[in-house]
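Okay, everyone, thanks for coming. Let me put the model up and walk you through a few spots.

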Amino acid sequence: MKSSTVQSGPVHLSVPKAPPEPVSGCRDCLHHAVRRANAVSAGDYSKATDVNVSLRAHLRDEHGAE
């Protein structure tokens, strides 16, 4: 069996979502925002993305955001 390295069709990329915004006055949101800012300032965009995922989950679970 011969394997193929050719892609079968075009790849369509979308614009990334904007980073989630913390809720004013929420200590947990502030914690996530600080962790994200620290990761970005250190150039660790993978960690910043992970924090964004955590913040989105927190916003959904604690603040009813979608």
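Let's start with Ala39, which touches Asp44, Lys47 and Ala48, leaving aside residues up to four places away in sequence; contact here means heavy atoms within 4.5 Å. Before I go on: this is a predicted model, where local features need pLDDT of at least 70 and side-chain atom pairs count only at pLDDT 80 or more, while totals for chains, interfaces and linings use all residues. Numbering runs from 1 along each chain as its sequence is written, and side-chain values use heavy atoms, with hydrogens and water left out.

Ala39 sits in helix α1, residues 27-41; helices are DSSP runs of H or I, at least four residues, numbered from the N terminus. Ala39 is buried, at 4% relative accessible area. Buried means under 20%, exposed over 50%, and partly exposed in between, with a 1.4 Å probe and protein chains only.

Now, α2. Which residues of α2 are buried? They're Ala48, Val51, Asn52, Leu55, His58 and Leu59. They cover an arc of only 125° around the axis, so they end up on the same side of α2; that arc is taken from the directions from the helix axis to the C-beta atoms. These buried residues pack against α1. Over on the other side of α2, Ser46, Val53 and Asp61 are exposed.

Last, the cysteines. There are zero disulfides in the structure, a disulfide being a pair of cysteine sulfur atoms within 2.5 Å. For Cys26, the nearest cysteine sulfur is that of Cys29, 3.7 Å away. Cys29 is buried, at 0%, and Cys26 is buried too, at 17%.

Terms used. Helices (H or I, at least four residues) and strands (E, at least two) are DSSP runs, numbered from the N terminus.
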